Amino acid sequence: ENQALVLNGDQNTINKRLLNAIVQTQKMAQFEVGEAKAVAVEAMTKAETAEKQATEAKEQLAEAIASNQLNIGQNKVVEGHDDENEETLTPLSQDTYTLMMIKSPTTKSWWFALSTFVTQAIILIFIFQSQISSSTYSLFDIPFKVTPAVAVTQALAILISIGTSRDVFIPIKDLSILWITNKVEWSRVVASTNTIDYRSLNDTGQDYSRVFGRLSKKTWFIHILFPNAIKLLQGIFVLIISFVIVIQSNDIIDLFKDFAAVHIISDLDNIAFSLATHGYFGSNLKRDADQVKKIKVKDKVPHVCGLPLRPVMLLGVSVLMFGSFFIVLLNQQNGVYFELKYPKCEIFSDKTLLAKIGNGVCDGDVLNTYNCGFDGGDCLDLNVAFPGCYPLHPAQVGDGICQDDLKRKECGFDNGDCCPPMDDKFYGDGSCNAGSYNTLECGYDGGDCKGFKDKYPSCPELFEDIKRSDGSPAVIGDGVCDLIIEYMTPECGFEGGDCEDCRVDDLKRLGDGKCDFGSYNT
């Protein structure tokens with residue numbers, strides 16, 4: 001058609017049509033460009049979203065590797081292996097020492113953990129020094145004899161001490177898992193110090209030697225060996241102090257009181273870690289403590305000479321503790337500690353006398369001497385009450401039976417079992433004579449003081465000669481105030497009523513050689 005128009009010379013029509021064609025082509029081109037731009041924007045948006053998702057995936061992968069929740073490589077299950085040889089994931093101990101394992105020495109968390117250890121160490125050193133410095137006759141002043149009940153309690157305390165010695169057994173376990181030769185496992189822990197880019201551990205099939213190669217023996221020493229070594233040292237120290245407390249005790253209550261105090265001190269690292277997880281020491285420590293909870297490592301029980309290491313360690317510590325305790329008991333039975341305490345008491349060859357030492361009964365004779373510790377302390381009360389008595393049979397003193405050899409003032413007239421010698425002309429003369437007359441053993445002055453005793457049953461009985469200036473016994477209830485201080489009490493009716501009107505603040509000022517005024521001078 002255009003060719004025909006050309007032949008007819010209609011150039012105007014041709015130009016119009018060409019112009020229209022050009023306009024339509026431009027419109028179509030603009031539409032296609034707009035569509036292309038929209039598609040490109042959509043593609044860029046999708047690319048940005050994909051990149052963001054990839055970044056998030058890398059971060060999640062890095063966190064998974066940091067917490068050891070992602071196993072590197074494929075799990076291998078070997079048939080025929082027993083449970084002890086199978087690898088399992090186990091968390092690290094949740095205490096301040098693990099903070100030292102995952103954090104750098106330049107961080108606040110590392111120094112917080114170290115200060116907790118220093119605090120524990122200082123307190124434990126003071127306790128141990130006190131145990132040594134208080135010793136007099138042996139290294140730890142071990143009692144030369146304990147009761148069977150105390151011995152059983154001591155054995156139970158040792159058993160509890162072994163069972164709660166986490167700071168001894170856990171470092172051994174952690175070191176066996178994270179030994180320097182097991183670089184894959186301890187590198188995962190050390191990587192939490194931020195010295196390694198976790199994002200480089202993003203492919204479970206790649207070779208990690210390039211990443212792990214950055215970690216040196218010095219890194220392992222600082223982050224693995226040092227924290228576990230000081231933790232083990234602290235645990236052993238607590239175990240030693242606990243054992244000394246046990247063998248030093250001869251009282252059940254004191255034993256567990258001191259025992260509990262030491263174990264509270266040993267638990268300070270766990271207490272500090274618990275407070276850190278609740279944010280009491282700031283958000284940074286809380287974040288680091290929460291990170292400790294996430295870390296897990298492959299746990300494979302090592303063997304020594306074909307035997308599992310951990311049960312062997314537990315058995316070894318138990319044998320050492322109970323073996324030492326048995327030696328202590330044996331020395332107590334053989335009198336070794338008694339000989340150390342009383343080296344001049346020469347009864348060691350006599351097993352019968354040795355068994356009587358410290359049995360709770362004053363046996364007297366050769367045992368009731370200074371060189372033998374007054375029967376290992378059994379005769380102290382008797383010697384204080386009757387310093388000049390020295391009975392052959394101390395158990396008879398005050399046993400309710402009047403012994404003739406104890407019927408003397410030095411023995412308190414058999415500690416009250418005997419009526420003291422007295423002037424018979426005053427005995428049962430119708431007047432209640434004070435002192436030894438007015439006692440049960442003397443029949444309350446032959447019955448003369450029975451009315452006084454019935455009226456004042458709480459009035460103490462006195463084994464003393466209480467006399468007046470003329471040498472006659474003082475009389476109670478005769479209307480004469482004899483100023484007998486022991487009877488000047490409400491329990492004795494102020495000398496049976498004789499001194500009812502004599503009420504003074506200080507009875508010792510009565511008849512002291514000084515003339516006091518006021519109510520004293522009546």
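Is Tyr390 buried or exposed, and what is its relative accessible area? I looked this up first in my notebook. Tyr390 is exposed, with a relative accessible area of 59%. I note that the model is a predicted one.

**Entry on Tyr390.** I located Tyr390 in the loop between α17 (380–385) and α18 (412–415). I then read its backbone angle: Tyr390 is not a glycine, yet its phi is positive, about 50°.

**Entry on Tyr444.** I turned to another tyrosine, Tyr444, and found a positive phi near 50° there, again in a residue other than glycine. Tyr444 sits in helix α19, which covers residues 443–446.

**Entry on helix α13.** How many residues does helix α13 have, and what does it reach from its first C-alpha to its last? I found 25 residues, 309–333, and a reach of 36 Å. At 1.5 Å a residue, 36 Å is expected, and the helix is close to that.

I listed the buried residues of α13: Leu309, Val317, Ser318, Met321, Phe325, Val328 and Gln332. An α-helix has 3.6 residues a turn, so residues three or four places apart point the same way. I kept that in mind while reading the list.

Next I asked what covers the buried residues of α13. The cover includes the helices α5 (148–163), α6 (166–177), α9 (217–248) and α14 (336–341). It also includes the strands β3 (303–304) and β4 (307–308).

Last, I looked past the end of the helix. Gly335 follows α13, and its phi is positive, near 80°.

Conventions: Residues numbered from 1 in each chain as written. Predicted model: local features only at pLDDT ≥ 70, side-chain atom pairs only at ≥ 80, totals over all residues. Heavy atoms only, no water. Helix = DSSP H or I, 4+ residues; strand = E, 2+ residues; numbered from the N terminus. Buried < 20%, exposed > 50% of the residue type's maximum accessible area, 1.4 Å probe, protein only. Expected span 1.5 Å × (residues − 1). Contact = heavy atoms within 4.5 Å.
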